[in-house]
Amino acid sequence: MKRFMRVITVVLALAALVQTVYVYAVDCNNAEIKKEEQSIKKLLELKELVKEGSESFADIAGENQNEFPIIKDENEFQAALISHMLKYLEAVGGKEAQKKFLEGGQFVTKCAGPGI
Amino acid sequence: MKRDSGKYFGLILMVGFGAIAIFRWHQTHLIFFLLLALRDFLAGYFFMKRTPAKLKAGHLVSIMSYVSTAMPLIYLPPTVDIKALLLASDLLAIVGFSIVTLATIELGTSLGISPAQREYVSSGIYKWIKHPMYLGYGIAELGLAMINPINISIWVMSSSLYFWRKRTEQNLLVG
């Protein structure tokens, strides 16, 4: 009986250790997804602000750009947006799907033009 | 031999803790709470079945032992938001309580809160560690000390009490 209880204890302990590490990993990943989601949302809001006010990125630099390194032009905006989107894709586990998508040549926009 | 009334208190206490552990497991689905429940129900059973002590410590020692047993309840919740520290704290709790559970299984009906002379146990985990119960609690509580600076002082006090209980137990076993 003692031996059986010892085995149960060791099994439960090992399972608890594995589960704790797994929960921690999932938690970290979810936090990363949330962070990237927020960054993308804020970048798009910034873009909207530039559009609405007909001001340039440089004009509102420092006023509404607290969360990012200051974005001064369209190129910097695009670089920041792509960087966060790629990080987001990686965090949601969509890296392989993205690769297939790009290799398959399906990445064609219907309205080609400047900006995003 | 004196009448052992403390065993009923131990039984009620441990079954109560076991029920809380089952409830927490139901809420969170964390296996750690199953481990706690196993330990608590086993301890409750052993308390119920235990034989009266041949020799008991004095009242002051008994009171201090109960204070020491209750001390983990005063640890404060985490103030740090560093995920790695929180993980380390959880892992220490699992390792600590695994040692405590193994010690409980070995002690069997010799289990007690207050130091007393019952059957001498030297099997299982007691082959390698002389006082696994206190070591296990110390490790588990170290995890709590890592996640809140105020808990460090509680851990120091708690560990000192464990050390003192260990010495008192040793004296009783020799005597």
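These legends go with a set of close-up views of a predicted model.

**View 1. Chain A at a glance.**
Chain A has 4 helices and 0 strands, so going from the N terminus its elements simply read α-α-α-α. Of its 116 residues, 9% count as buried.

**View 2. A:Gln38 on helix 1 of chain A.**
A:Gln38 belongs to helix 1 of chain A. Is this residue buried or exposed? A:Gln38 has 12 C-beta neighbours inside 10 Å, and because the exposed class takes 12 or fewer, it counts as exposed. From A:Gln38 to A:Met1 there are 37 residues in sequence and, C-alpha to C-alpha, 55 Å in space.

**View 3. Where chain A meets chain B.**
Here 15 residues of chain A are in contact with 17 residues of chain B. On the chain A side, the residues that touch chain B split into 9 nonpolar, 3 polar and 3 charged.

**View 4. The largest nonpolar core, with members from both chains.**
This core has 32 residues, and the ones touching the most other members are A:Ala16, B:Phe32, B:Leu35, B:Leu36, B:Phe97 and B:Ala103. Which helices each supply at least two residues? From chain A it's helix 1 (2-53), and from chain B it's helix 1 (6-28), helix 2 (31-49), helix 4 (83-107) and helix 5 (132-146). Helix 2 of chain B gives the largest share, with 11 residues.

**View 5. Zooming in on B:Leu35.**
Setting aside neighbours within four places in sequence, B:Leu35 is in contact with A:Leu12, A:Ala13 and A:Ala16 from chain A, plus B:Phe97, B:Ser98 and B:Thr101 from chain B. There's also a second, separate core of 5 residues, which includes B:Leu142, B:Leu144, B:Ala145 and B:Trp155.

**View 6. Helix 1 against helix 2 in chain B.**
The axes of these two helices come within 8 Å and cross at roughly 165°. That angle is over 145 degrees, so helix 1 of chain B is roughly antiparallel to helix 2 of chain B. The crossing of helix 1 and helix 2 of chain B is left-handed. On the helix 1 side, the residues making the contact include B:Leu11, B:Met14, B:Phe17, B:Gly18 and B:Trp25. Their partners on helix 2 include B:Phe33, B:Leu36, B:Phe41, B:Gly44 and B:Phe47. Sorted by class, the contact between helix 1 and helix 2 of chain B has 15 nonpolar, 4 polar and 3 charged residues.

**View 7. B:His29 in the loop.**
B:His29 lies in the loop between helix 1 and helix 2 of chain B. Its phi is positive, about 60°, even though B:His29 isn't a glycine. With 11 other C-beta atoms within 10 Å, B:His29 is exposed.

**View 8. B:Gly6 and B:Phe47.**
B:Gly6 is found in helix 1 of chain B. How many residues separate B:Gly6 from B:Phe47 in sequence? The answer is 41, while their C-alpha atoms are 8.4 Å apart in space.

**View 9. Helix 3 across helix 6 in chain B.**
Helix 3 (residues 59-70) and helix 6 (residues 149-174) of chain B have axes that come within 10 Å and cross at roughly 140°. That makes helix 3 of chain B oblique to helix 6 of chain B, and their crossing is left-handed. B:Val61, B:Met64, B:Ser65 and B:Ser68 of helix 3 meet B:Ser158, B:Leu161, B:Tyr162, B:Arg165 and B:Thr168 of helix 6. By class, this contact of helix 3 with helix 6 of chain B comes to 4 nonpolar, 4 polar and 1 charged residues.

**View 10. Helix 5 alongside helix 6 in chain B.**
For this pair the axes come within 9 Å and cross at roughly 175°, so helix 5 and helix 6 of chain B are roughly antiparallel to each other. Helix 5 contributes residues including B:Tyr134, B:Tyr137, B:Gly138 and B:Leu142, and helix 6 contributes residues including B:Ile152, B:Trp155, B:Tyr162 and B:Lys166. The class breakdown for the contact of helix 5 with helix 6 of chain B is 8 nonpolar, 4 polar and 3 charged residues.

Technical notes
Residues numbered from 1 in each chain as written. Chains lettered and ligands numbered in written order. Predicted model: local features only at pLDDT ≥ 70, side-chain atom pairs only at ≥ 80, totals over all residues. Core = buried A, V, L, I, M, F, W, Y, C linked by C-beta atoms within 7 Å. Buried ≥ 20, exposed ≤ 12 C-beta atoms within 10 Å, placed from the backbone. Contact = placed C-beta atoms within 7 Å. Nonpolar A, V, L, I, M, F, W, Y, C, P; charged D, E, K, R; others polar. Axes fitted to C-alpha atoms, helices over the stretch in contact; angles between N-to-C directions. Parallel < 35°, antiparallel > 145°, perpendicular 65-115°, else oblique. Left-handed = near helix turned anticlockwise from the far one by under 90°.
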